[in-house]
Amino acid sequence: MRLSLRQRKVFIFLVGLFALLVFNLYQREIRNFFYSLSLPIQKFFWQKGQGVSNFLKIISQIDDFKKESEELKLKNQEFLREISLLRELEKENKTLREALNLNLEKEFKLQIVEISGKNLFQDSIFIDKGEKDGIREGLALINQSKALLGKVEKVYDNYSQVILISDPKSTIPVKIAEKEVEGIARGEGNFKILLDLIPLETEVQIGDLVLTSGLAENLPKGLLVGKIDKMLKRDIESFQRAEILPFFEIENLKFAFLILDF
Amino acid sequence: MIKNILILIFFFYFLVLIQGGFLIHFNILGKIPNLVLIFLFIFLFLEEPRSNFGFFSALLAGFFLDLYSGNFFGQNILILLILSYLLKRSLFLVKNLNFIWLSLLLTSFLIFYNLSLTFILTFEKMADISQFQQIFKAGFFIEILYNLILGITLFYFLSFLKKVNLWINILKIKK
């Protein structure tokens, strides 16, 4: 049976429509298959990209390095003086640390993960641990300095997708350190975060630290969100807003920690 | 034919991986070039006007962009098929394809893609219309410019390779 051109076109259209339906019904399985397949390749590209990018940065900064070298020589002398002072403090610090036991792994139950890629259209990243490793949606991702990176959005068998705090879908209850003022940190996309709903009477300064308030599920209190970078005060608004500079740079991320329990 | 299709599948698959893994380290204000879109445009621009291979490339490009975007399958496929059709129609109308036409068509291709995608995403997530207005912020123009510069550079590079290949073939025949 030979089909006419028109019949063939209708047939191709229907097959395409059916394929789309199947793809959407089984998107989790299809994505898991492709992501598992591409995870090592994407890791390779991520590492190479980091390498090339760092190399180019170094080349473009040669002049700066020369200036810095001069400055560092001067500072070096200053530091030598401080070292002797710090040695004394070190002894004191050691005693205090032993007393307080301030280690991340003792504060939280952590799972180390490797970053393998970024979502093309959102501020979200892929990590190499998934359902098989006991990862579940909503877990917080932090770096070694206790800075919050984001929360697990989707979990697949061998990997997970983490939505960064700068993604427009992310809203986190936060507070400004030492001021006990609460607000909301809202993602703006392109690695930008906005601090909203700060009462007008509060005096917020550039450089103030923003921490998680502990009001959100799965987010412990006191994780670093960023520091105030720019105030956006308007007389007509009933609240103040500010831009937050996050404590992480996506380009330099390689390993991070998921908080499994706290 | 099957060999060409397989090459094309692997080509777009690797482009998406390079985009999400490698190019992210070369972002300008968080914007990275859409390599898949640029290569699709170049394929459509360089192929024979009556060939349908460009549509197949659009289908593949859309599929891989949908796969790695985390959204529903079909939105990128639909946009790229429509854009490919419009581009091919425009190429029929333009008599002398020069640098100005190349830049104009590539800019329109990029703008329409971004607008359509943002429109679909806004509609899909039932988001506020202000999300749609966000597109016209500075980042949008940076993204277009970044893609445009890379697109034109790649286009002339590939055209050069095509010419070199042609000369090699001519020399081989003469021998």
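Setting aside neighbours within four places in sequence, A:Q50 is in contact with A:E251, A:N252, A:L253, A:K254 and B:H25. This residue belongs to helix α2 (residues 27-60) of chain A. With a relative accessibility of 12%, A:Q50 falls under the 20% limit and therefore counts as buried.

The model is predicted, and a word on its confidence is welcome here. It scores ipTM 0.75 and pTM 0.63. Chain B has a mean pLDDT of 83, with 88% of its residues at 70 or more.

Turning to the aromatic rings, 29 pairs are found over all chains. One of them joins A:F23 and B:F63, whose ring centres lie 5.2 Å apart with planes at 45°, so the pair is tilted. This pair crosses between chains, running from helix α1 (residues 5-25) of chain A to helix α3 (residues 53-67) of chain B. A:F23 is partly exposed, at 25% relative accessible area, whereas B:F63 is buried at 12%.

Within chain B, the rings of B:F41 and B:F109 also form a tilted pair, with centres 5.3 Å apart and planes at 55°. The two residues are 68 residues apart, B:F41 in helix α2 (residues 35-46) of chain B and B:F109 in helix α5 (residues 99-124) of chain B. Both B:F41 and B:F109 are buried.

Ring pairs also link A:F23, A:F33, A:F34, B:Y13, B:F14, B:F63, B:F64 and B:F73 into a cluster. Over the ring of B:F73 sits the charged end of A:R31, 4.7 Å from the ring centre.

Note on methods:
Residues are numbered from 1 along each chain as its sequence is written. Chains are lettered from A and ligands numbered from 1 in the order in which they are written. This is a predicted model: local features need pLDDT of at least 70, side-chain atom pairs count only at pLDDT 80 or more; totals for chains, interfaces and linings use all residues. Side-chain values use heavy atoms; hydrogens and water are left out. Helices (H or I, at least four residues) and strands (E, at least two) are DSSP runs, numbered from the N terminus. Buried means under 20% relative accessible area, exposed over 50%, partly exposed in between (1.4 Å probe, protein chains only). Contact means heavy atoms within 4.5 Å. pLDDT is the predictor's confidence in each residue, from 0 to 100. Rings of Phe, Tyr and Trp (its six-membered ring) pair if their centres lie within 6.5 Å; planes under 30 degrees apart count as stacked, over 60 as edge-to-face and the rest as tilted. A charge sits over a ring if NZ of Lys or CZ of Arg is within 6 Å of the ring centre and within 35 degrees of the ring normal.
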